[in-house]
Amino acid sequence: MSTGAVPHSITAADRSQELIPRYNFGERVNHWLGALAYVYLLVTGLAFWSPYLYWLAAIVGGGATARFWHPWLGLVFAASLFWTFEEWHRDMQIDDSDRAWGKAIPDYIENRDDKLPPVGRFNFGQKLFFWGIFYSAIFLLLSGGVLWYTEALPWSLRFVRYAAILIHASVALITIGLFLIHVYMSAILEEGSLGSMIHGYVTRGWAWTFHRTWYYEVTGKSRLKQ
């Protein structure tokens, strides 16, 4: 079976017949654990944020239940992200190829994938999302810890409580925006991305189209031989 990578219109059908491992079992379990924890935090956090959204607390058993589990699920989410950092931080380093890809984002949005420069396992947008969520989690963890034990703060340090509330709510809104973009890109914009986080595989055609440098690396192919 031919796995040549050029021209794309001719070889995609051949390449798509063979699957390439993209995420191992541990990566997939950790991803969905973190995702479920984040959704819980999103629902309960919005319930705490506005009285108009407090009805969301009923979905998870009421206000008292949400108040009890929110900080604990926050720790689960943070632990998931720290594990992801340990596994992926090398792949998430931004280099010159990512900057070139960033300049070609209009082509990505308009599905002109053949005009995109080749990238590694993760593209520039995915790396920005990763670092945005990672650093946001650190701010949420620190501010959330203050709010968890706010009664322990003396009145003379009440400004710490106020700062924690402002930081926690502001950073949470940032993560909501990143989350919505992530869901759109993985479920709609890059067809096959969501499935790869479920069963762990992508087709050769998908790998060549969206992560060409990574495709050459995992298949052991040389660009000059394609």
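Helix 2 passes helix 3 in a left-handed crossing, a term that applies when the near helix is turned anticlockwise from the far one by less than a right angle. The model is predicted, with local features requiring pLDDT of at least 70, side-chain atom pairs counting only at pLDDT 80 or more, and totals for chains, interfaces and linings using all residues. Residues are numbered from 1 along each chain as its sequence is written, and side-chain values use heavy atoms, with hydrogens and water left out.

**Helix 2 and helix 3**

- The axes of helix 2 (residues 25–49) and helix 3 (residues 63–88) come within 8 Å and cross at roughly 145°; axes are lines fitted to C-alpha atoms, for helices over the stretch in contact, with angles from 0 to 180 degrees between N-to-C directions.
- The contact of helix 2 with helix 3 comprises 13 nonpolar, 11 polar and 2 charged residues. In this classification Ala, Val, Leu, Ile, Met, Phe, Trp, Tyr, Cys and Pro are nonpolar, Asp, Glu, Lys and Arg are charged, and the others, Gly among them, are polar.

**Overall architecture**

- The protein has 10 helices and 2 strands, taken as DSSP runs (H or I, at least four residues, for helices; E, at least two, for strands) numbered from the N terminus.
- From the N terminus, the order of elements is α-β-α-α-α-α-α-α-α-β-α-α.
- Of the 226 residues, 40% count as buried, that is, under 20% relative accessible area, with exposed meaning over 50% and partly exposed in between (1.4 Å probe, protein chains only).
- Among contacts (heavy atoms within 4.5 Å) with a separation of 6 or more, 70% join residues 24 or more positions apart.
- The accessible surface comes to about 12900 Å², and 68% of it belongs to carbon and sulfur atoms; the areas come from the Shrake-Rupley method with a 1.4 Å probe, and for residues only the protein chains shown count as cover.

**Nonpolar cores**

- The largest nonpolar core has 11 residues, including Y38, Y40, L73, F77 and I133. Such a core is a set of buried Ala, Val, Leu, Ile, Met, Phe, Trp, Tyr and Cys residues joined through side-chain atoms within 4.5 Å.
- Helix 2, helix 3 and helix 6 (124–148) each supply at least two residues of this core, and the largest share, 5 residues, comes from helix 2.
- Another core, of 9 residues, lies apart from it and includes V202, W206, A207 and Y215.
- Not counting residues up to four places away in sequence, Y40 touches V60, T65, A66, W69, H70 and L73.

- G220 follows helix 10 and has a positive phi, near 70°.
- H211 sits in the loop between helix 9 (204–210) and helix 10 and is buried, with a relative accessible area of 0%.
- Beyond residues up to four places away in sequence, H211 touches R22, V119, G120, R121, F122, N123, Q126, E190 and W206.

- W131, in helix 6, counts as buried at 17% relative accessibility.
- L189, in helix 7 (residues 158–189), is buried, with a relative accessible area of 17%.
- L189 touches Y108, N111 and Y184, not counting residues up to four places away in sequence, and its C-alpha atom is separated by 8.3 Å from that of N111, 78 residues apart along the chain.
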